[in-house]
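Q: I have a model open and would like to learn how to read it. Can we go through it feature by feature?

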Amino acid sequence: MPAGNCLGRVPGITDDVDLDLFNGSAWRLRRFAHPRSYFTTSTSGAVAVRGSRWWIGGHLRSSGQALPDRRAYLYRRSVGSSASRAVVSTRTSGTGAFRFVLRPTAAADYRVRFSGDAAVAASWS
């Protein structure tokens, strides 16, 4: 083997393997090295009544594991608009949990965003 290769053992394989070689597509390597994140969300109600307390919350995860201490943003898109904008942010708890509490003043759609980081890809709720 060429110099610089890193040989080692992998469970289930009896011979040495080249640990520097990924035998797959560039897309699969990126996904392996930078797994996707996803939200599980719930709300206090499917419809928020103007001026009433309403919340959206849930968990941020990747590969089934909680993503603690990550910044989550709440985006609002006003009815009739195609653009969304961030209105507030929070950090996830040690269990990946987050919650936004608000009193809507006009009809809008809400989504939660994680912008990603060096370890995990971005996602929308």
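Q: What percentage of the 125 residues in the protein chain do buried residues make up?
A: First, a caution: this is a predicted model. Buried residues make up 24% of the 125 residues in the chain.

Q: How many helices and strands does the protein chain have?
A: One helix and ten strands. Read from the N terminus, the order is β-β-α-β-β-β-β-β-β-β-β.

Q: What share of the contacts between residues at least 6 apart in sequence join residues at least 24 apart?
A: The share is 54%.

Q: How do I read a sheet, and what is the strand order in the open sheet of four strands?
A: Start with the general idea. Strands of a sheet pair through backbone hydrogen bonds, either parallel or antiparallel. Here the order is 7-6-9-10, and the pairing is antiparallel. Strand 7 and strand 10 are the edge strands, each pairing on one side only.

Q: How many bridges join strand 6 to strand 7?
A: Six bridges join them. Strand 6 covers residues 71-78, strand 7 covers residues 85-91, and the two run antiparallel. Tyr73 stands opposite Ser89 in strand 7. Leu74 stands opposite Val88 in strand 7.

Q: What lies between strand 6 and strand 7 in their hairpin?
A: Six residues lie between the two strands. In the turn, Gly80 has a positive phi of about 90 degrees.

Q: How many bridges join strand 6 to strand 9?
A: Seven bridges join this antiparallel pair. Strand 9 spans residues 108-114. For a facing pair, look at Tyr75, which stands opposite Arg111 in strand 9.

Q: Gly80 is a glycine with a positive phi. What is phi near in Ser63, a residue other than glycine?
A: The general idea is this. Most residues other than glycine have a negative phi. Ser63 has a positive value, near 50 degrees. Ser63 sits in the loop between strand 4 and strand 5 (65-66). Its relative accessible area is 60%, so Ser63 is exposed.

Q: Where is Asp69 found, and what is its phi near?
A: Asp69 is in the loop between strand 5 and strand 6. Its phi is positive, near 55 degrees, in a residue other than glycine. Asp69 counts as partly exposed because its relative accessibility is 47%.

Q: Is Ser123 buried or exposed?
A: Compare its value with the cut-off: buried means under 20% relative accessible area. Ser123 has 7% relative accessibility, so it counts as buried. Ser123 lies in strand 10, residues 123-124.

Q: Which side chain does the side chain of Ser123 make a polar contact with?
A: The partner is the side chain of Ser37, at 2.8 Å. Now set aside neighbours within four places in sequence. Ser123 is then in contact with Ser37, Tyr38, Phe39, Leu60, Val112, Arg113 and Phe114.

Q: Where is the place of Ser44?
A: Ser44 is in the loop between strand 3 and strand 4. Its relative accessibility is 38%, so Ser44 counts as partly exposed.

Q: How far apart are Ser44 and Ile56 in sequence and in space?
A: Twelve residues separate them in sequence. In space, the C-alpha to C-alpha distance is 6.7 Å. Ser44 is in contact with Arg53, Trp54 and Trp55, again leaving aside neighbours within four places in sequence.

Q: How do I read a pocket, and how much space lies in the largest pocket?
A: About 270 Å³ of space lies in the largest pocket. Its lining has 18 residues. Ala46, Ala48, Trp54, Ala108 and Tyr110 lie nearest the centre.

Q: Which strands each supply at least two residues of the lining of the largest pocket?
A: Strand 3 (38-43), strand 4 (54-62) and strand 9 do. Strand 9 gives the largest share, three residues.

Q: How do the residues of the lining of the largest pocket divide into nonpolar, polar and charged?
A: Eleven are nonpolar, five are polar and two are charged.

Conventions:
Residues numbered from 1 in each chain as written. Predicted model: local features only at pLDDT ≥ 70, side-chain atom pairs only at ≥ 80, totals over all residues. Heavy atoms only, no water. Pairing = 2+ DSSP bridges. 1 Å grid on protein atoms, 1.4 Å probe; cavity = no way out; pocket = protein on both sides within 12 Å on 5 of 7 lines; lining within 4 Å. Points joined across faces, edges and corners; volume = space filled by probe spheres on them. Nonpolar A, V, L, I, M, F, W, Y, C, P; charged D, E, K, R; others polar. Buried < 20%, exposed > 50% of the residue type's maximum accessible area, 1.4 Å probe, protein only. Polar contact = N/O pair within 3.5 Å; in protein donor to acceptor, adjacent residues only side chain to side chain. Contact = heavy atoms within 4.5 Å.
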